[in-house]
Amino acid sequence: TVRAEEVNLRKTELRALQAQINPHFLYNTLDSISWMCERGKNQEAVVMVNALAQLFRISISRGHELIPIEKELQHAEAYLQIQKYRYKNQFTYHFTVDESCLHCLCNKITLQPIIENAIVHGLDLMGDSGHIEITVKPDGDDILLIVADDGIGIPEADRSRIFERFYRVDKARSRESGGTGLGLSIATEIVQRHHGSLTLVDRPGPGTTVRLELPITQPIGGEDSHE
């Protein structure tokens, strides 16, 4: 039917959107692991390999688009562990999570592009150390996932275009120039496909706060493991 074809098309588009999330990350991580092995930093290399395995195991998730928030947070922490090594401990991070949210479902690979944006466009440009705070908590019929950093913030000129629909983003220009917003545009598109929202929170001073608002979705039956 036309409806079934439309649903399949939307799923295909969603997978394509998720695949756009920094494909060079794997190559850069493997380069870092190779460098560690060459210099005898074997224990650090083991940690990196384990984090990378965790990252991709959850990314695959048996083809599921929705996974428990607990798994999404494990994915985010594996990503942060790898980036801390690559950025020579330039930043710290902390999770504050309400345990009642852990078994609810969310879109997989949603936090990674937001955290990547915080590191690359917020903390990396600071020069000094920074901090990323990830908060997960219930809010009525929704769950809030909040990523806040104390970096340089997003220039006002960039804010107006960050949440354009993904297909309107000039992807080639964004990648070549390192422009802010491609990852956030992808994350926005993914979240909107499942009736959620992603917004920038205005706050005084430097730093950026991104707020994800997702409807509470419980797993069906006992299917809460998607590795």
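1. Ile109 is buried, with a relative accessible area of 11% (buried means under 20% relative accessible area and exposed over 50%, with partly exposed in between, for a 1.4 Å probe and protein chains only). Ile109 sits in the loop between β3 (105-107) and α5. Its phi is positive, near 55°, although the residue is not glycine.

2. The model is predicted, so local features need pLDDT of at least 70 and side-chain atom pairs count only at pLDDT 80 or more, while totals for chains, interfaces and linings use all residues. Residues are numbered from 1 along each chain as its sequence is written, and side-chain values use heavy atoms, leaving out hydrogens and water.

3. Lys88 also has a positive phi without being a glycine, at about 55°. Lys88 belongs to the loop between α4 and β2 (91-97). Lys88 counts as exposed, because its relative accessibility is 71%.

4. Helix α4 (residues 69-86) packs against helix α5 (residues 111-123) at an angle of about 30°, and their axes are 9 Å apart. α4 is therefore roughly parallel to α5 (angles under 35 degrees count as roughly parallel). From α4, the contact uses Glu72, Leu73, His75, Ala76, Tyr79, Leu80 and Gln83; from α5, Leu111, Gln112, Ile115, Glu116 and Ile119 (contact means heavy atoms within 4.5 Å).

5. In the protein chain there are eight helices and seven strands (DSSP runs, with at least four residues of H or I for a helix and at least two of E for a strand). Of the 227 residues in the protein chain, 45% are buried.

Conventions: Axes are lines fitted to C-alpha atoms, for helices over the stretch in contact, and angles run from 0 to 180 degrees between N-to-C directions. Angles under 35 degrees count as roughly parallel, over 145 as roughly antiparallel, 65 to 115 as roughly perpendicular and the rest as oblique.
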